Amino acid sequence: MAIAAEIKRAKRLNSAVHIIGGRPRAKQGTDGCVTMAVERTHAIELRHLRYFVSAAEHGSFRKASADTGIQHSAISRRIRDLEHRLGTPLFLRHSGGVCLTFAGQRFLRRSRQILRNFGDGAQEIASITRSDFGRVKIGIYSSIASGYLAELLGLYADRHPKVQIDLIEDNPADQAAAIRRMQLDAAFLTGERSWGDCETLPLWSERVFAVLPGDHLLARHDELKWQHLADENFIVNEAGPGQEIHDYLVQRLATFGYHPQIRVHHIGRENLLPLVALNRGLTVVSEAMTAAHFPGIAYRPIIGEVLPFSAVWSAKNDNPALKQLLDLARSMSGLREKDAVTRPVSQIAVSAAPSQNHDRLQ
């Protein structure tokens, strides 16, 4: 009789395993007898919780069926599966419908919380995908006082006010390395060189200006040639882009057979231009910087000198805020190119063909 009872018990366990999706596991007891244990699976789907909450709120599987658009039999079957998975009844069934058990009342609060958290999470992810929220870290090597970059960042902030924009100044090589390490989303750099493992998109160009003391003889000219600057002393700052300006001056003046005298000052860019006003030397800047007004200095364009600027980023970066920024940059670049074609030449104030030299500058 004991053996027959044990067989029946094993059959019931197997049946329960089939219903709840568990699997039997043989276990040897201390008395040497082998018994059957069941590992319950706890893979509860969100639809189970939705059906359960709906049935609890309506007090009826039939009304829950009408509310969810799911057949009554499917609602009843899924809730029965849920009860098996939990190992306890959640409803008391009666002719008028259903009512929650004590366990069902406790589980209802948890179920509502889970569904609410999931809904909030889904909305958050959707907002990130739309770039409603998020963060984008941008490396800059040009002035944002005016020009294309200032317009781009301003328009992006207007369209995506809840996206945090972090601006980071550093030399181009370090910025490219940070992009590869996913520590920086994008950088806007001068020149047209390619950066290994990075994507590059040419966007805009700026003229190069000499910065002079306001009473300098060369300030009488509307435009300058490199030959005008051959005998001048220059100053740069130690931090970026001081070294690039140094190399730029040496290369450009060497083309005409001159070797400039360049003094390096251990100050920031914001303090370099006032030194020009004090007749400590000349320097050069890109066009965007000319929006910065300092007493006692004058900006004069150097004929034929145009610097291209590009966006640099990693193709592996899936930040939605970055994608929106690049899309806007492309759009703005196209509009500026179209406008440049249709504007009268007299408004462009470049009196010679752009130089083919594409060195870096601030």
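**Entry 1: strand pairing**

Before anything else I noted what pairing means here: two strands pair if DSSP finds at least two bridges between them. I also reminded myself that this is a predicted model.

With that in hand I looked up β5 (residues 134-140) and its partner β6. The two run parallel, and I found seven bridges between them.

**Entry 2: the open sheet**

β5 and β6 belong to an open sheet of six strands, and I wrote down the order as β6-β5-β7-β12-β8-β11. The pairing in this sheet is mixed. Where does the sheet end on either side? The edge strands are β6 (163-169) and β11 (283-286), and each of them pairs on one side only. I also looked up the twist, which averages 25° from one strand to the next.

Then I checked what packs on the sheet. Helix α7 (residues 172-180) does, and it touches β5, β6, β7 (186-190) and β12 (297-313). The direction of α7 makes about 155° with that of β7. Helix α8 (residues 242-254) packs on the sheet as well, touching β8 (199-213), β11 and β12. For α8 I noted an angle of about 105° with the direction of β11.

I moved on to β3 (residues 91-94) and β4 (residues 97-100). These strands run antiparallel and are joined by four bridges.

**Entry 3: aromatic rings**

I searched the whole structure for aromatic pairs and got seven. One of them is F61 with F91: the ring centres are 5.6 Å apart and the planes make 85°, an edge-to-face pair. F61 sits in helix α3 (residues 61-68) and F91 in strand β3, so I was looking at a link between distant parts of the chain, 30 residues apart. Buried or exposed, I wondered about F61 and F91? Both are buried.

Another pair is F188 with W204. Their centres are 6.2 Å apart and their planes meet at 50°, so I filed this pair as tilted. Because F188 lies in β7 and W204 in β8, the pair ties together parts that are 16 residues apart in sequence. F188 and W204 are both buried.

Back at F61 and F91, I saw that they form one aromatic cluster with F52 and F107. I also found a charge over a ring: R193 lies over the face of W195, at 3.6 Å from the ring centre.

**Entry 4: around L115**

I picked L115, which lies in helix α5 (residues 102-129). Which residues does L115 contact, leaving aside neighbours within four places in sequence? I listed L46, L49, R50 and V53. L49 is 66 residues away along the chain, yet its C-alpha atom and that of L115 are separated by 7.6 Å.

**Entry 5: the whole chain**

Last, I stepped back for the totals. I counted 10 helices and 12 strands. The chain has 362 residues, and 40% of them count as buried. Taking contacts between residues at least 6 apart in sequence, I got 72% that join residues at least 24 apart. The accessible surface comes to about 20,100 Å², and 52% of it belongs to carbon and sulfur atoms.

How values were computed:
Residues numbered from 1 in each chain as written. Predicted model: local features only at pLDDT ≥ 70, side-chain atom pairs only at ≥ 80, totals over all residues. Heavy atoms only, no water. Axes fitted to C-alpha atoms, helices over the stretch in contact; angles between N-to-C directions. Contact = heavy atoms within 4.5 Å. Phe/Tyr/Trp six-rings, centres within 6.5 Å; stacked < 30°, edge-to-face > 60°. Buried < 20%, exposed > 50% of the residue type's maximum accessible area, 1.4 Å probe, protein only. Lys NZ or Arg CZ within 6 Å of the ring centre and 35° of its normal. Areas by Shrake-Rupley, 256 points an atom, 1.4 Å probe, with all protein chains shown as cover.
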